[in-house]
Amino acid sequence: MATFVIVHGAWHTGELMLAVAEKISAHGHEVHTPTAAGNRLGDDPQTDLDAAIHSIIEFFGREALQDVVLVGHSYGGMLITGAADRLPPGTIRRLVYWNAFVPNDGESLNDLVPEFFLAMFDEMAKHDGTVMMPFPIWREALTNDMTVEASQAAYAQRVPQSYRTFTDKIRLSRPPTSVPRVGRCQGGSGQTSSSEDCRCTS
């Protein structure tokens with residue numbers, strides 16, 4: 001059996017990944033759903049991308065994890081890319097990008113999103129350095145493959161997202177594709193998808 005670490009997307013915590021984790025665990029696997037720095041209750045609204053990545057690395061150390069299938073959903077793709085670049089050899093068995101961003105060295109999340117998001121995010125961040133997704137955009141752009149009720153339930157669990165995690169450019173020593181086994185997984189929205197909803201390719 002395998003060990004999985006599933007990293008959530010923006011505006012959420014590891015709690016939102018528990019339904020997916022339960023389905024994987026039912027097959028006998030060990031599954032972890034950590035919450036990255038910047039998404040925990042009371043975290044500094046100025047938390048940067050490096051701190052968020054480092055929190056995932058620290059989680060691996062605390063749990064003494066090895067030979068892990070590391071899964072990132074949406075914004076979580078930024079975090080698993082940075083973590084895999086810095087973790088010791090043998091820690092990661094496979095990277096899985098689950099409807100996720102796959103950055104190259106020097107790219108930020110904002111470099112990878114449609115331009116119309118940027119002005120909206122810039123304006124939101126003026127208040128306290130965090131951004132929140134309005135429900136109409138959340139529904140139409142991010143969760144239009146879910147029922148309205150499921151989309152509303154996921155939206156209700158939002159937390160403020162530090163804008164620096166979107167604007168900071170990631171620093172990598174190697175491209176993500178240099179990891180021996182990298183998969184792209186496209187299926188239903190990560191908030192509610194079952195493990196069967198994904199179709200992965202190497």
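Residues are numbered from 1 along each chain as its sequence is written, and side-chain values use heavy atoms, without hydrogens or water. Because the model is predicted, local features need pLDDT of at least 70 and side-chain atom pairs count only at pLDDT 80 or more, whereas totals for chains, interfaces and linings use all residues.

Helices (DSSP runs of H or I, at least four residues) and strands (runs of E, at least two) are numbered from the N terminus. Strand β1 is mostly covered: five of its five residues are buried, where buried means under 20% relative accessible area, exposed over 50% and partly exposed in between, with a 1.4 Å probe and protein chains only. In a regular strand, side chains alternate between the two faces of the sheet. In β1, T3, V5 and V7 point one way, while F4 and I6 point the other way.

Strand β1 pairs with β2 in the parallel sense over three bridges; two strands pair if DSSP finds at least two bridges between them. Within this pairing, F4 stands opposite V31 of β2. Strand β1 is also joined to β3, by five bridges, and the two run parallel. Here I6 is opposite V71 in β3. V71 in turn has V96 of β4 as a bridge partner, and β3 and β4 run parallel with seven bridges between them.

Two right-handed β-α-β units are described here. One is made by β1, α1 and β2, and another by β3, α3 and β4. A crossover is right-handed if, with the strands pointing away from the viewer, the path from the first strand over the helix to the second runs clockwise.

In helix α1 (residues 18-25), the buried residues are V20, A21 and I24. Seen down the axis of α1, they fall within an arc of 100°, so they line one face of the helix; the arc is that of the directions from the helix axis to the C-beta atoms. Their cover includes β1 (3-7), β2 and β4 (92-100). Helix α3 (residues 76-86) is mostly covered, with ten of its eleven residues buried. Among the elements covering those residues are β1, α2, β3 (68-74) and β4.

The largest nonpolar core has 58 residues. A nonpolar core is a set of buried Ala, Val, Leu, Ile, Met, Phe, Trp, Tyr and Cys residues joined through side-chain atoms within 4.5 Å. The residues with the most contacts inside the largest core are F60, L70, Y75, L79, F121 and F166. Its largest share, seven residues, comes from α2. Not counting residues up to four places away in sequence, L70 touches V5, V7, F60, I80, A83, I92, R94, L95 and V96, contact meaning heavy atoms within 4.5 Å.

Two loop residues were also examined. T33 lies in the loop between β2 (30-32) and α2 (49-63) and is buried, with a relative accessible area of 18%. The T33 side chain reaches the backbone oxygen of G14 at 3.4 Å. Leaving aside neighbours within four places in sequence, T33 is in contact with I6, G14, M17, L18 and A21. V113 is located in the loop between β4 and α4 and counts as buried at 15% relative accessibility. With neighbours within four places in sequence left aside, V113 is in contact with F101 and L118. V113 and R40 are 73 residues apart in sequence and, C-alpha to C-alpha, 24 Å apart in space.

Note on methods:
Polar contact = N/O pair within 3.5 Å; in protein donor to acceptor, adjacent residues only side chain to side chain.
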